[in-house]
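Here is a short note to read beside the model. Take the points in order, and keep the structure open as you go.

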Amino acid sequence: MTITEKLLARAAGRDEVEPGEVINCKLDLVLANDITAPIAIGEFAKMDAERVFDPEKVMLVCDHYTPNKDIKSAEQTKLVRDFAREQGIEHYYEAAGGGIEHIILPDKGLVIPGDVMVGADSHTCTYGALGAFSTGVGSTDAAAAMALGECWFRVPESIEVVFTGELGPWVSGKDLILYLIGQIGVDGARYQTLEFKGPVIESLPMAGRFTMCNMAIEAGAKSGIVAPDETTMTWFEGRSDRKPSVLASDDDAEYVRTVEIDCNRVEPQVSFPHLPENARGLSEVGEVIIDQAVIGACTNGRLEDLREAAKVIEGRTVAESVRCIVLPGSQEIQLEAVREGLVESFLEAGCLVSTPTCGPCLGGHMGVLAAGERAIATTNRNFVGRMGHPESEVYLASPAVTAASAIAGKICGPDEL
Amino acid sequence: MAVTGKVHKYGDHIDTDAIIAARYLNTSDPDELAAHCMQDIDAEFVSRVSEGDFIVAGRNFGCGSSREHAPLAIRTAGVSAVIAVNFARIFYRNSLNIGLPIIESPEAAESINAGDELRVDFEAGSIEDLTTGETFSFQPLEGIAAELVEAGGLVPLVKRRLAQGANSRRG
């Protein structure tokens, strides 16, 4: 069996499962945010549910429109906050100690290797980087999960993606996942699991693994996963009292497909509008003038990402025509970024440093684009209207390329500065 | 049950931001959401759509975010079913959960044109294009998907389980 099949079998109380089977799993965690929880809370009431299955296992993170951008979002957040209080849900985050859901759940040790969970947010697949099975669902599924502590799944086929060779200068986890999506398409892994492995993944730090699993959904995947190894366990140490479960795919595990990627051939990537699959190597980008650069989001808002961006930005000045917005992924990351001097480098260069929020990634607030404007962003989606006006454009890239582009005023790599 | 309506046709990878842009997600009011349905890729959709109409699209319909606001906006706008080559998985689950009928039929999705008049019989599994005279059949749903549709969505199913004492902490 693959690691994903093993995780699902155990959660279903079975010895074995096969792809295509529909099974019912016990959940270790259920997550929702300020956009999806309000509907889930309404459906929860319609189910005549009174209490959540376990208040310790329900996580509510208000991060999309927080700090609340208008009265409507304030009302939505209040509804979620009140529900958390009524239900005795301790893991409610909005301001102090908060941040972007997919960054704080792993950082605080709330999701751990071996967990099986759902979240009412499509990027819930991020936690596969820890060797957990985690997938996005809608609000009604989340409501059912909060009431029952269970969810049905169709066991997904696994695609094995083997990364070999060596990473070139400025090539990161973001570039690998953009390159892969460019190869297989935005529906290349629809309903399936992407299992990332190979020597390059083995030496990839956790930040890069989180970024890769975060974008599994952008290939249509149900989940992405990296089997826990020494890197995982070293990172995880001291984060939780719960006992992690370290599983791996069997040598004879069956994959529906194997994709091999020779990283020697992967240069820093940029995904052109309006689909993540429109990935091109930097050398094929041409001249693309930008108005905005966004560094952050659940994809690339980790401390390592900010360090990478700061390395490029330090001692330089953001182009006069560019708004460069830096959004640390959590309060803790922001504090550490202040302590390390990263925030100072950003501010000296002319960047705007914001409080943690999903804001601009989804065109919500804190950096919305006008018609005809172009942004380069470390976010995960570049659909029509994603960051604002339907006639604006989003180009996806790594923190290093996004930072370099902010300095140059046009898309480029750090070595071109 | 058979429904008649006209077709609004779209291409591949219609994402949830196209169905309902995130800037409108500071509410979950179905009527407000429906007022902005498909806005960023088809600003005229809301004024053109009438009760019973169909959306016909290509591959991977509903890709992107997990927002249930997307099928909710489509349903509330009056659309009786979405017919596509195939669907993104979260959108598929969400549609079944809230009772928006969805039909996978690559043949129908490719042949049917914008503006055609369709008659869809959900029980018989047939799509008749009244404009061109073509007919297509589709597989009625099976297993958990059929159960969800039969129950009228996930809420009644969970309600029944809770009433049977599924959540031991309850009460």
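1. Start with a definition. Two residues are in contact if their C-beta atoms, placed from the backbone, lie within 7 Å. In chain A, take the contacts with a separation of 6 or more: 77% of them join residues 24 or more positions apart. Keep in mind that this is a predicted model.

2. Next, the overall form of chain A. How many helices and strands does chain A have? The count is 14 helices and 18 strands. The C-alpha atoms fill a box of roughly 55 × 50 × 40 Å along the principal axes.

3. Of the 417 residues of chain A, 64% count as buried; a buried residue has 20 or more other C-beta atoms within 10 Å of its own.

4. Now the domains. The assignment for chain A gives domain 1 as 3–260 and domain 2 as 273–416. Their C-alpha centres lie 24 Å apart. Domain 1 of chain A puts 36 residues into the contact, and domain 2 of chain A puts in 32.

5. Look at the domain 1 side of that contact. Three elements of chain A give two or more residues each: helix H4 (101–107), helix H6 (173–184) and helix H8 (206–214). Which of them gives the most? H6(A) does, with six residues. By class, this side of domain 1 of chain A has 16 nonpolar, 13 polar and seven charged residues.

6. In chain A, helix H11 (residues 303–313) packs on helix H14 (residues 399–408) at an angle of about 35°, and their axes are 8 Å apart. The crossing of H11(A) and H14(A) is right-handed. H11(A) contributes A:Asp305, A:Glu308, A:Ala309, A:Val312 and A:Ile313. Among the residues from H14(A) are A:Pro399, A:Thr402 and A:Ile407. The contact of H11(A) with H14(A) has eight nonpolar, one polar and two charged residues.

7. Last, the contact between chains. Chain B gives 41 residues and chain A gives 47. On the chain B side, the elements with two or more residues are helix H1 (16–19), helix H5 (89–98), helix H7 (143–151) and helix H8 (154–163) of chain B. How does this side divide by class? The side of chain B that touches chain A has 15 nonpolar, 13 polar and 13 charged residues.

Note on methods
Residues are numbered from 1 along each chain as its sequence is written. Chains are lettered from A and ligands numbered from 1 in the order in which they are written. This is a predicted model: local features need pLDDT of at least 70, side-chain atom pairs count only at pLDDT 80 or more; totals for chains, interfaces and linings use all residues. Domain bounds come from an automatic or database domain assignment. Helices (H or I, at least four residues) and strands (E, at least two) are DSSP runs, numbered from the N terminus. Ala, Val, Leu, Ile, Met, Phe, Trp, Tyr, Cys and Pro count as nonpolar, Asp, Glu, Lys and Arg as charged, and the others, Gly among them, as polar. Axes are lines fitted to C-alpha atoms, for helices over the stretch in contact, and angles run from 0 to 180 degrees between N-to-C directions. A crossing is left-handed if the near helix is turned anticlockwise from the far one by less than a right angle, and right-handed if clockwise. A residue is buried if 20 or more other C-beta atoms lie within 10 Å of its own, exposed if 12 or fewer, and partly exposed in between; C-beta atoms are placed from the backbone.
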